Amino acid sequence: MNKYTFRVSTDEEIKENPVHCGRWIYENASDEKYALFFGKVRSRFGVNDSISPDWEMMYSYPVTVGDDSGNKFFFDVYHGAGGSSIATPLDKLTPEYESAEKALIDYIESAEPSDYVWQGVYEDIPVNITYTVRDGKAFIESEFPENMEDFM
């Protein structure tokens, strides 16, 4: 069984290994689950410049996973239109990549989430959203427009 290392990708690695092929990490997850996952990503990889107030583009973390054979696997862990997601280079959907991806998700999931407050908007409705993670618990606040029936 491979042992893996995990780190933020360098600018050169990002340029040489563009990622595509995103897919959801969770099916039908709640905002609480998304908020906790983001807290775990922050615990593992810190805070970066990609954090956005747009719910559909909340963050993006380029991550390099190395294995004990010297192989490197490139991912983007991000929050997109469908929630918490992960992407790989389009031409590298191999069993080795799948194993590294699973190890990366397990690594993130095993972290204690960092405390944070994120405020943003889901533009499709639009609804203002605040994610707060404190002491391992997620709190979600949503502020819907007064004319909500116009969006239904």
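**Trp 118 and Tyr 131**

I started with burial and found that both Trp 118 and Tyr 131 are buried. A reminder to myself: this is a predicted model.

**Aromatic pairs**

How many aromatic pairs does a search of the whole structure find? I got twelve. I then opened one of them, Phe 38 with Tyr 116, and noted an edge-to-face arrangement, with 5.0 Å centre to centre and 70° between the planes. Phe 38 belongs to helix H2 (residues 31–45) and Tyr 116 to strand S6 (residues 116–122), so this pair ties together parts that are 78 residues apart in sequence.

Which residues form one aromatic cluster? I wrote down Tyr 4, Phe 6, Phe 45 and Tyr 107.

**Charges over rings**

Next I looked for charged ends above rings. Arg 42 places its charged end over the ring of Phe 38, 5.2 Å from the centre. For Arg 44, I found the charged end over the ring of Tyr 107, 4.0 Å from the centre.

**Helix H2**

Phe 38 kept bringing me back to H2, so I gave that helix its own entry. H2 has 15 residues and spans 21 Å from its first C-alpha to its last, close to the 21 Å expected at 1.5 Å a residue. I listed its buried residues as Tyr 34, Ala 35, Phe 37, Phe 38, Gly 39, Lys 40, Val 41, Arg 42 and Phe 45. That puts Arg 42 and Phe 38, the charge and ring noted above, among the buried residues of H2. Phe 45, a member of the aromatic cluster, is buried too. What follows H2? I found Gly 46 there, with a positive phi near 80°.

My last stop was Asn 28, in the loop between strand S2 (20–24) and H2. Is Asn 28 buried or exposed? It is exposed, with a relative accessible area of 78%.

Definitions and conventions
Residues numbered from 1 in each chain as written. Predicted model: local features only at pLDDT ≥ 70, side-chain atom pairs only at ≥ 80, totals over all residues. Heavy atoms only, no water. Phe/Tyr/Trp six-rings, centres within 6.5 Å; stacked < 30°, edge-to-face > 60°. Helix = DSSP H or I, 4+ residues; strand = E, 2+ residues; numbered from the N terminus. Buried < 20%, exposed > 50% of the residue type's maximum accessible area, 1.4 Å probe, protein only. Lys NZ or Arg CZ within 6 Å of the ring centre and 35° of its normal. Expected span 1.5 Å × (residues − 1).
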